[in-house]
Amino acid sequence: MKKFLSAFLLATVVALSASAQQKLPTAEELAKKNVDELETRLKLSSTQKGVVYNYAYSFAKEQVALMKKQQATGYNDEEVAKIYRLSNETNKSIKAVLKPEQAIEYDKIIEERLSGIDPKKKKKRKKGEEEEKVVGIEGLKSIKEN
């Protein structure tokens with residue numbers, strides 16, 4: 001799970017850094033987008049949604065601060081390690097709020113994010129044809145190449 005979370009954070013930072021020429025999203029925008037997806041996929045109660053939003057917002061503030069700092073001063077291993085730790089803590093905290101069946105689906109969401117799968121843009125396959133999944137570092141590399 002640590003590897004998934006680390007890769008997820010790295011993918012997020014890379015994706016946001018790549019779009020750095022555009023306006024950086026705010027912490028509120030990042031948190032809302034994340035919580036909206038989780039609410040839809042996990043069928044969160046209003047209480048769960050509020051708690052998850054607080055965790056997501058706190059993490060997003062740190063992410064945005066790191067992105068701004070990286071734009072100004074460049075890459076810093078210590079700061080990235082701090083974000084990895086915060087990402088792990090945030091995901092643990094979110095999972096603690098979820099019911100067991102929601103936690104299983106949450107793990108799937110994290111895995112999809114890490115592998116670059118967008119559930120809204122699933123390709124239609126011909127009957128009998130399997131979808132090839134690229135996982136791990138190769139999956140992250142393929143995102144950048146597209």
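Predicted model: local features only at pLDDT ≥ 70, side-chain atom pairs only at ≥ 80, totals over all residues.
I call a residue partly exposed when its relative accessible area falls between the buried limit, under 20%, and the exposed limit, over 50%.

**Entry: E62 and K82.** I looked up K82 and got a relative accessible area of 40%, so I put K82 down as partly exposed. E62 is partly exposed too, at 31%. Their side chains form a salt bridge, 3.7 Å from N to O. E62 sits in helix α3 and K82 in helix α4, 20 residues apart.

**Entry: α3 against α4.** I then checked the helices themselves. The axes of α3 (residues 46-73) and α4 come within 10 Å and cross at roughly 170 degrees, so I noted the two as roughly antiparallel. The contact includes V51, Y55, F59 and L66 of α3 and I83, L86 and V97 of α4. By class I have 10 nonpolar, 6 polar and 4 charged residues there.

**Entry: K69 and E79.** Here is another salt bridge, with the closest N and O atoms 3.3 Å apart. K69 is in α3 and E79 in α4, so this pair ties together parts 10 residues apart in sequence. I get 36% for K69 and 22% for E79.

**Entry: α4 against α5.** The axes of α4 (residues 77-97) and α5 (residues 100-115) come within 9 Å, crossing at roughly 150 degrees. I logged the crossing as right-handed. N91, I94 and K95 of α4 meet A103, Y106, D107 and I110 of α5. D107 and K95 also form a salt bridge at 2.9 Å, N to O.

**Entry: tally.** I count 10 salt bridges by this rule.

Technical notes. Residues numbered from 1 in each chain as written. Heavy atoms only, no water. Axes fitted to C-alpha atoms, helices over the stretch in contact; angles between N-to-C directions. Helix = DSSP H or I, 4+ residues; strand = E, 2+ residues; numbered from the N terminus. Left-handed = near helix turned anticlockwise from the far one by under 90°. Contact = heavy atoms within 4.5 Å. Parallel < 35°, antiparallel > 145°, perpendicular 65-115°, else oblique. Nonpolar A, V, L, I, M, F, W, Y, C, P; charged D, E, K, R; others polar. Salt bridge = Lys/Arg side-chain N within 4 Å of Asp/Glu carboxyl O. Buried < 20%, exposed > 50% of the residue type's maximum accessible area, 1.4 Å probe, protein only.
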